[in-house]
Amino acid sequence: MSSDATMGLPDVMRSRPWEKSAAAHVSDDTSLAWVKDERIFLMLALAMQWASECNAQGPNPRVGCLLLTKDGLVAGGGVHRGAGHHHAEVEALKDAVRNGRSVAGGTAIVTLEPCAHTGRTGPCTQALIDAGIDRVAFAISDPSPQGGGGAEALREAGIEVAADIDPKAGRELNRAWFHSVSSGRPYVTLKTATTLDGRIAAADGTSQWITSPEARAHAHEIRANVDAILVGTGTALADDPALTARLQDGRLAEHQPLRVVMGLRELPAEARLRGEGGELVIVRSRDPGEVLEVLAQREVRHVLIEGGASVATAFVRAGLVDEVHAYVEPMVLGAGRSVVEDVGVATLAKAPRWGTHEVKALGSTAFVAARLKEG
Ligand SMILES: NC(=O)c1ccc[n+]([C@@H]2O[C@H](COP(=O)([O-])OP(=O)(O)OC[C@H]3O[C@@H](n4cnc5c(N)ncnc54)[C@H](OP(=O)(O)O)[C@@H]3O)[C@@H](O)[C@H]2O)c1
Ligand SMILES: [Zn+2]
């Protein structure tokens, strides 16, 4: 993992979380004074960065782990690469063995509470105990039904545990996962590509391409990071989209999300959606809740809705849009389809609203990411 030493400073470091969260959590417990060491948070930030850069897909959370020797040297690091692969802690322990560094009496820094259950792999708590680790710090507790209990198991084995040392960053790393674990349905991001006046197609029906090449490249990156992309039969039939995630050079990205079409009509045999790309799932329903249930059963954590207007309207109306990705091109059509239609709002105060999270220019296109406020 040596090449990672050159990476830029992660956001979590700029906010100097050790001055706030560690102090808040461990100030009364002098035995946990070690957690206030800036190095613990630097290591946590590195573990977070690795986990976020590791393009692991599937139903599991992204997790990173870093191990220090008794003397505080980095012994090894690891990330979880998705279902069927070892957990981050086990990867880090293997890395330490490869590096010839003992972790006996050392410290484990993990982005999520180590698991105590035996799933596809053995419990990480046991692996850490067996390796002789003395201290474990993790960013956030595991809220999933089969997770949790890790901190307790470690404490019972005599390990000093600093829990929830940066829950905000820990949650952010696995935003969709935390959401779907607590709500039982996938996290929903609605993508819109519109003109300044909120149109997605001109009066004659022409709609490609409203936004800049940079905006489209950005949208492809997002596709490569979600579990599923969803459109209605209207868009599938009118545009014949492929809904693949492509790299800048046009090649298919390694991870292809599930391609989901909702609606009652049949797609032609020659539809591009049936061609190369992720698995095609046709859900014969117009009910957003029902569609999300089908996706939840398939362990989809994050679905990206790419239109069209009818489907977008249905999700907004049902209050099922957690995040909006709005690509706005400074051009005006004055007529044509609007991005959403009647969502049942008669007065301003009743309008669904999201909090702006990110704003940036992508070539000529303005990009706004906005999220439902947590609560
Ligand atoms: N600029 C953009 O960002 C963008 C993105 C996407 C699409 N578009 C444009 O939007 C146009 C298509 O719009 P659209 O509204 O027809 O597309 P759509 O929302 O993709 O599909 C609508 C169809 O989906 C089915 N459906 C599924 N759930 C529904 C629900 N809850 N309510 C209503 N219908 C539901 C219905 O067909 P069934 O009878 O089969 O059930 C309906 O006719 C195309 O011209 C496309 O180019 C633009
Ligand atoms: Zn584990």
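How many bridges join strand 6 (residues 187-195) to strand 11 (residues 323-329), and in which sense do the two run? Seven bridges join them, and the two strands run parallel; here helices (H or I, at least four residues) and strands (E, at least two) are DSSP runs, numbered from the N terminus. This is a predicted model, in which local features need pLDDT of at least 70 and side-chain atom pairs count only at pLDDT 80 or more, while totals for chains, interfaces and linings use all residues. Residues are numbered from 1 along each chain as its sequence is written, and chains are lettered from A and ligands numbered from 1 in the order in which they are written.

- Eight strands form an open sheet with mixed pairing, in the order 9-8-7-10-6-11-13-12, where two strands pair if DSSP finds at least two bridges between them.
- Its edges are strand 9 (280-283) and strand 12 (355-362), each of which pairs on one side only.
- Direction ignored, neighbouring strands of this sheet are turned by 20 degrees against each other on average, with axes taken as lines fitted to C-alpha atoms, for helices over the stretch in contact, and angles running from 0 to 180 degrees between N-to-C directions.
- Helix 9 (residues 213-223) lies across strands 6, 7 (228-232), 10 (302-305), 11, 12 and 13 (365-371), and runs at about 30 degrees to strand 13; contact here requires that the C-beta atoms of two residues, placed from the backbone, lie within 7 Å.

**Strand 10 and its neighbours**

- Strand 6 pairs with strand 10 in the parallel sense over four bridges, and Leu190 stands opposite Ile305 in strand 10.
- Strand 7 also runs parallel to strand 10, to which three bridges join it, and the bridge partner of Ala228 in strand 10 is Val303.
- Both faces of strand 10 are covered, with His302 and Leu304 buried on one side and Val303 and Ile305 buried on the other; a residue is buried if 20 or more other C-beta atoms lie within 10 Å of its own, exposed if 12 or fewer, and partly exposed in between, with C-beta atoms placed from the backbone.

**Surroundings of ligand 1**

- Ligand 1 is surrounded by 27 residues, of which Gly232, Gly234, Gly263, Gly307 and Gly308 are the closest; a residue is near a molecule or strand if its C-beta atom, placed from the backbone, lies within 6 Å of it.
- Strand 6, strand 7, helix 10 (233-239) and helix 12 (309-317) each give two or more residues to this shell, and helix 10 gives the most, with five.
- Gly307 and Gly308 are joined by a cis peptide bond with omega of about 0 degrees, and Gly308 lies in the loop between strand 10 and helix 12.

**Backbone with positive phi**

- Leu243, in the loop between helix 10 and strand 8 (258-262), has phi near 55 degrees, a positive value in a residue other than glycine.
- Leu243 counts as buried because it has 25 C-beta neighbours inside 10 Å.
- Glu299, in the loop between helix 11 (288-297) and strand 10, has phi near 60 degrees, likewise a positive value in a residue other than glycine.
- With 13 other C-beta atoms within 10 Å, Glu299 is partly exposed.
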